[in-house]
Amino acid sequence: MTDTSDARTPVGRRTVLVATGATAAALAVGAAAAPEAPATETADIAPVAAAAVCTLTKEMTEGPYYLDGQYVRTDITEGKAGIPLKLTLTVVDDDTCVPLSNALVEVWHADALGEYSGFVGGNGHSEPDDGTFLRGGVLTNSSGVASITSIYPGWYRGRCIHIHIKVHTGVTVTSDGHFTGGQEIHTGQLFFNETITTAVAKISPYSTNTVTRTTLAQDSIYDDGGAASGLLTLTALGSSTSSGYAASLTLGVES
């Protein structure tokens, strides 16, 4: 299941990452100590919102495993075995850093064996495939937050562990729980700390995936840009790796 279409692509839209708390404070102190930069050097920097500094980052390729019109739901696991993952994504406007409410944040990723729903077998495993596991979307609340329950993704040949993401506005949620219409305003990928991934890979069912794992440093899409390139902040949910992780990122889009 080599992701052959995942070649790096030029930036199609601007996105931003919001640094808060200590990061914002540190940046503010640095700005106060430094001389004022010429207007031509700051023209592309987004305005500063309350206790937040916007940093531009890029979009990334959709990849070959997207399926249209998935369920709008907070839990996408469908009983898939794996380490718990609580994903929290905050969507903001890239020009103002104001939270974007009622935007649909859609994610999809491989299971512990590196298989995508709708494409099972591409990574060499045989398992039931309903075309919907580990896929779905959530509407952001008034604070721009979308919370999704999933499992830590597995890996497939040629790519590091990642989650695909799209942000849509103006969608219609249908009576059967899917979504339709609207405008796609962002496409990207989310990435995981390599040290944590190494620990996860030793635990069943991930340990039964015999495909050679591509690391962050070896990946053809991730560019070592940290959070600005989609690297999630991971926080342990318990005292052991198997307890799972909370994963968060603040993502800005051109709304």
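Leu 104 has Leu 139, in strand β5, as its bridge partner. This pairing belongs to a predicted model, in which strands β4 (residues 104-108) and β5 run antiparallel to each other over five bridges. Strand β5 (residues 135-139) is largely enclosed by the rest of the structure, because four of its five residues are buried.

**Confidence**
- The average pLDDT of the protein chain is 82, and 77% of the residues reach at least 70.
- Residues 4-53 have a pLDDT below 50, although this stretch has 86 contacts in the model beyond near neighbours in sequence.
- Where pLDDT is low, the predicted coordinates should not be read in detail.

**Salt bridges of Lys 80**
- Lys 80 pairs with Asp 111 in a salt bridge whose closest N and O atoms are 3.1 Å apart.
- This pair links distant parts of the chain, 31 residues apart: Lys 80 is in the loop between β2 (53-57) and β3 (84-93), and Asp 111 is in the loop between β4 and β5.
- Asp 111 counts as buried, with a relative accessibility of 3%.
- Lys 80 also forms a salt bridge with Glu 127, at 2.2 Å from N to O.
- Because Glu 127 lies in the loop between β4 and β5, its pairing with Lys 80 ties together parts that are 47 residues apart in sequence.
- Glu 127 is buried, at a relative accessible area of 16%.

**Other salt bridges**
- The whole structure contains seven salt bridges.
- One of them joins Arg 73 and Glu 78, with 3.0 Å between the closest N and O atoms.
- Arg 73 is buried, at 18% relative accessible area, whereas Glu 78 is partly exposed, at 35%.

Terms used. Residues numbered from 1 in each chain as written. Predicted model: local features only at pLDDT ≥ 70, side-chain atom pairs only at ≥ 80, totals over all residues. Heavy atoms only, no water. pLDDT = per-residue confidence, 0-100. Contact = heavy atoms within 4.5 Å. Buried < 20%, exposed > 50% of the residue type's maximum accessible area, 1.4 Å probe, protein only. Helix = DSSP H or I, 4+ residues; strand = E, 2+ residues; numbered from the N terminus. Pairing = 2+ DSSP bridges. Salt bridge = Lys/Arg side-chain N within 4 Å of Asp/Glu carboxyl O.
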